[in-house]
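Open the model in your viewer and keep the selection panel at hand. The tour goes from one selection to the next.

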Amino acid sequence: MPELPEVETIRRGLVKFCVHEKIEEVQILCAKSFIGPKEVVEEHEVLGLRRYGKALIVDLSGGISMMVHLRMTGQLVWDNTSDKKVLQQENLGVAFGAENSGLISASVEKCTHAFAGGHPSDTFFDELPNKQTRVVIKMNDGTLYFNDQRKFGFIKVMPTAEVEQDKFIASLAPEPWKCDAEKIYQVFQRKKNSPIKAVILDQKVIAGIGNIYADEALFYAGIHPERKAGSLSLNEVKKLLEGACKSMDASINAGGSTMATYVRADGTKGDYLEKFAQVFRREGQPCYKCGVEIIKIRVAGRGTHICPNCQRLVA
DNA sequence: CTAGGATCCTGTCAGC
DNA sequence: TGCTGACAGGATCCTA
């Protein structure tokens, strides 16, 4: 699923298009994708959007909020166009015609037919809803589609006042930018026998890191993902946090990463992976630092990409 | 408490 | 072509 940078990119996109929109009707196409009575959000206005780690909070009038978690394959698609063909041409032009992220960013401002978190497959611009659409939220000036192939994601209704008490939100650790290296070092000592990659994927340890940025941060710090968490020095912890911040910053600036199930707020594709990723999905290609071939291994049950030369188990 | 594995679900792809 | 198993930018639940 989208990780922190992708959710933040979606949030920024949706802020432009959904704030002050009023929800007219909610259609639930998959019962488990929408938790809570839909009637509670209908007739309410979108006041703003917040993000906690990978969770997106849509605050509504009437003291109601919707928590959206995209998990692995969730997407949010905002559609306020009446002419799909025009939209298709415009978005294809933006997605594939731009030469750099700066151009793509500039195009967001001009985009009038907007998408929010979509699907860059060949069928992306087909009619919505599609067979992966789980929830349709009709607003006065457009429609928000929640698509989710694997049904792991969800939209959950709760009082705004209780968002921070939600079990998931409440247990989140700080995001990398706000992590105290010494505290993280202590946590690593507590989980000393787990592979470091498994530990940094734990949202209760550091919020927002997922499989991409775990691999990127470990590469940045020159740490092998199978190293035991307890074996890291304080300096290595600092370097790891620095790597997480830098790769996420770069990704947010690039509009998120490109993936099969994620595109940016206006339907254009983020291009973090192809432009900035050092190791993720680069197996078989040379390391940018040393030229040795990047390999893919399995750590903590997840596909993991490393440079076997820059990231060693034993120093 | 930690550590590891199974699990939710659908789709795609490699290998018979 | 059709089957089968592995795997997938997540997080939780269950076991030991």
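The stops below cover the domains, a set of strands and the surroundings of a DNA strand.

This is a predicted model, in which local features need pLDDT of at least 70 and side-chain atom pairs count only at pLDDT 80 or more, while totals for chains, interfaces and linings use all residues. Residues are numbered from 1 along each chain as its sequence is written, and chains are lettered from A and ligands numbered from 1 in the order in which they are written.

Start with chain A: the domain assignment, automatic or from a database, gives domain 1 (4-171) and domain 2 (176-254 + 274-306). Eight residues from domain 1 and ten residues from domain 2 make the contact (C-beta atoms, placed from the backbone, within 7 Å).

Next, select strand E4, residues 55-60 (strands are DSSP runs of at least two residues, numbered from the N terminus). Five of its six residues are buried, with 20 or more other C-beta atoms within 10 Å of their own. Arg50 has Ile57 in E4 as its bridge partner. In the hairpin of E3 and E4, Gly53 has a positive phi near 55 degrees.

Three residues lie between E4 and E5 in their hairpin, where Gly62 has a positive phi of about 80 degrees.

Finally, select DNA strand B. The residues around DNA strand B include Lys131, Phe152 and Arg190, counted as near if the C-beta atom, placed from the backbone, lies within 6 Å.

Key. Buried ≥ 20, exposed ≤ 12 C-beta atoms within 10 Å, placed from the backbone. Helix = DSSP H or I, 4+ residues; strand = E, 2+ residues; numbered from the N terminus. Pairing = 2+ DSSP bridges. Contact = placed C-beta atoms within 7 Å.
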